[in-house]
Amino acid sequence: MSVRVESVESVEPTTVRPPVSEGLGEGVSASVSESAGEALRPHAEHAFAAELAALAAQDDRPRPARWRMSPWAVATYLLGGTLPDGTVITPKYVGPRRIVEVAVTTLATDRALLLLGVPGTAKTWVSEHLAAAVSGDSTLLVQGTAGTPEEAIRYGWNYAQLLAHGPSRDALVPSPVMRAMAEGMTARVEELTRIPADVQDTLITILSEKVLPIPELGQEVQAVRGFNLIATANDRDRGVNELSSALRRRFNTVVLPLPESADAEVDIVSRRVDQIGRSLDLPAVPEGIDEIRRVVTVFRELRDGVTADGRTKLKSPSGTLSTAEAISVVTGGLALAAHFGDGILRASDVAAGILGAVVRDPAADRVIWQEYLEAVVRERDGWKDFYRACREVSA
């Protein structure tokens, strides 16, 4: 006889996630607690806790079951704005408003959300911030790889308990998806197309029936209201496995585009580099805005296969030259400027990073890069220092 399980509490007696320091000893516990505020990359719900609290306090619109705030407030959190009391909400995503509204609305229904796009279009970033705003917890995460097992999506076992007592509630280890189902929260699956096809299909029953069977115990976990799932997938690198049509039908797909204009991309890179730089004590971004614009211009021209003025056609290298890679190049350049320069971002600081991003195939990409340097960069007014720096690292 099948027994319905309404929450993880009935599958596992203790469902409260323990502190990181639990079981490490008193001395280690204290040091971990003291360093909690020093995380190199805090989760979204911690990094933007003040904005989330301000939005929730002034949000008087209807909220779906177990949501921390209304869909309108979630969209405002992602897109930015100014609240009636003057609180400024910084934009987390710079792009079409309708895309965010469709994504948020999907999560308010019983349909799962698939964020699709080329590398570097902020799929993971948007996924994390959506989960933080909706559920207040972005950590219910399954990272997709070619080796992701079925247990990562369904559940696993404590093998010491399993060998000692057989299948039991004490021996069962719930996955992030199972926890989200039982607690009415948002789960995340990153790089869904990298997960083996048979493991991907584990999601079909979860997304269609909102049930996760546990045949070893003759039980099942039913999703409670508030549960939903956000997956991300890369449509440039097809990954290890394509999604089956049965699984794809369970998702509403939202495609995240590349930034429409150079100004928008410069704004995105500047904002993100500034956030990263503050955590690393790097120089302020405004002092290097000209170099950021150059990096973005180079990436966009090579990515599009044509110069910004449309006059010269170019060959595109094998890499994606995404916005995320531009952020990495500029961050690395700022680190060089801080530790081996005068603290101001210059062409010599970003040249090596650009070369590494462009030349992925040493044979074909190097030729494309050299042609671009000689035909475009060399002839461009005000770019002589950039040309010399790139020639130096390319030699």
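Me: Which element supplies the largest share of the lining of the largest pocket?
Reply: This is a predicted model, numbered from 1 along each chain as its sequence is written, where local features need pLDDT of at least 70 and side-chain atom pairs pLDDT 80 or more, while totals for chains, interfaces and linings use all residues. Side-chain values use heavy atoms, leaving out hydrogens and water. A pocket is an open set of points on a 1 Å grid over the protein atoms alone, with protein on both sides within 12 Å along at least five of seven lines, and lining residues have an atom within 4 Å of a point. Six residues, the largest share of this lining, come from α12.

Me: Which elements each supply at least two residues of that pocket's lining?
Reply: Helices are DSSP runs of H or I with at least four residues, strands are E runs of at least two, and both are numbered from the N terminus. Those that each give at least two residues to the largest pocket are α6 (123-135), α12 (262-280) and α14 (323-340).

Me: What volume does the largest pocket have?
Reply: A volume is the space filled by probe spheres set on the grid points, which are joined across faces, edges and corners. Here 26 residues line the pocket, and Gly 120, Thr 121, Ala 122, Ile 268 and Ile 327 are the closest to its centre. Its volume is about 590 Å³.

Me: How many charged residues are in the lining of the largest pocket?
Reply: Asp, Glu, Lys and Arg count as charged, Ala, Val, Leu, Ile, Met, Phe, Trp, Tyr, Cys and Pro as nonpolar, and the others, Gly among them, as polar. The lining has 15 nonpolar and six polar residues, and its charged residues number five.

Me: How much space lies in the largest cavity?
Reply: A cavity is a set of points where a 1.4 Å probe fits but cannot get out. The structure holds one of 30 Å³ or more. The space in the largest cavity is about 50 Å³.

Me: Which element gives the largest share of the largest cavity's lining?
Reply: The lining is made of nine nonpolar residues, with no polar and no charged ones, and Leu 78 and Tyr 93 are among them. Four residues, the largest share, come from α5.

Me: Is Leu 321 buried or exposed?
Reply: Leu 321 sits in the loop between α13 (289-304) and α14, with a positive phi of about 50° although it is not a glycine. Buried means under 20% relative accessible area, exposed over 50% and partly exposed in between (1.4 Å probe, protein chains only). At 1%, Leu 321 is buried.

Me: What is the relative accessible area of Lys 210?
Reply: Lys 210 also isn't a glycine, yet has a positive phi of about 55°. The loop holding Lys 210 runs between α10 (202-209) and β9 (211-214). Lys 210 is partly exposed, at 22%.
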